[in-house]
Amino acid sequence: MQDLNATKRTLAQSLKALMEKQAFSKISVADLCGNCGMSRKSFYYHFRDKYDLVHWIFQTEFLQTIQDGDQLSSWERFSHMCRYFYRERDFYRRAIQIQGQNSFRDCFCEAIAPAIEDMAADWMDGGRDKKFYTTFFGDAILSSILRWLSSPQPEPPERYLEHIHHVLVVGARRLLEELEEPEKESP
């Protein structure tokens with residue numbers, strides 16, 4: 001049976017290759033098609049425009065990564081996700097810079113926020129302020145990922161994950177220590 005996504009993947013690889021050489025704004029659909037020997041008709045059969053292709057790459061590859069991590073703990077899923085972004089960092093560094101009404105950054109934030117909030121919720125014990133905590137940590141981690149991916153030479157995911165883990169663990173310990181101090185001082 002023929003792979004129904006083969007054409008889409010070919011166009012995706014063409015876009016990734018072209019994005020390594022030039023800015024996304026300079027790449028036309030004709031460039032994409034010429035780079036992989038396809039017609040514009042084939043392109044438009046599968047995608048509305050080049051922005052649609054960028055979103056498809058993210059949704060299919062990222063969602064596959066998240067699904068592959070379904071059986072993992074929330075920290076392992078987060079690690080898995082960071083390793084994926086690091087492997088594909090050249091593409092994402094350039095894609096995050098796409099601006100305008102079809103901004104990839106907006107799509108990225110919208111798609112990744114629920115996954116990060118779910119992980120943050122797993123890290124929190126619940127309670128009446130669970131929504132605040134998950135939103136707070138979700139926003140912080142999302143901003144951190146964007147900054148990490150946007151840097152010209154992002155550190156390896158293991159090092160990045162060490163930083164995140166350290167912030168979470170050491171920060172939590174210090175906060176608990178501060179909260180316990182008034183209790184110790186009371187007679």
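**Salt bridges and a helix pair in the predicted model**

Arg48 and Asp52 are joined through their side chains by a salt bridge, with N and O 3.6 Å apart; the term is used here for a side-chain nitrogen of Lys or Arg within 4 Å of a carboxyl oxygen of Asp or Glu. The model is a predicted one, in which local features need pLDDT of at least 70 and side-chain atom pairs count only at pLDDT 80 or more, while totals for chains, interfaces and linings use all residues. Residues are numbered from 1 along each chain as its sequence is written, and side-chain values use heavy atoms, with hydrogens and water left out.

The two partners of this first pair sit in contrasting surroundings. Arg48 is exposed, at a relative accessible area of 66%, whereas Asp52 is buried, at 17%. These classes rest on relative accessible area computed with a 1.4 Å probe on protein chains only: buried is under 20%, exposed is over 50%, and partly exposed lies in between.

Across the whole structure, the search returns 6 salt bridges. Another of them pairs Lys16 with Glu61, at 2.8 Å from N to O. This pair ties together distant parts of the chain, as Lys16 belongs to helix α1 and Glu61 to helix α4 (residues 50-68), 45 residues apart. Helices here are DSSP runs of H or I with at least four residues, numbered from the N terminus. Lys16 counts as buried because its relative accessibility is 11%. Salt bridges also link Lys16, Glu61 and Glu88 in a network.

The closest N and O atoms of Asp90 and Arg93 are 3.3 Å apart. Asp90 is partly exposed at 35% relative accessible area, and Arg93 is buried at 13%.

Turning to helix packing, α1 (residues 6-21) and α2 (residues 29-36) meet at an angle of about 110 degrees, their axes 9 Å apart. Axes are lines fitted to C-alpha atoms, for helices over the stretch in contact, and angles run from 0 to 180 degrees between N-to-C directions. The two helices are therefore roughly perpendicular, a class that covers 65 to 115 degrees. On the α1 side, the contact (heavy atoms within 4.5 Å) involves Thr10, Leu11, Ser14, Leu15, Ala17 and Leu18, which meet Asp31, Leu32, Asn35 and Cys36 of α2. Of the residues in this contact, 6 are nonpolar, 3 polar and 1 charged. Nonpolar covers Ala, Val, Leu, Ile, Met, Phe, Trp, Tyr, Cys and Pro, charged covers Asp, Glu, Lys and Arg, and the others, Gly among them, count as polar.

Definitions and conventions
Angles under 35 degrees count as roughly parallel, over 145 as roughly antiparallel, 65 to 115 as roughly perpendicular and the rest as oblique.
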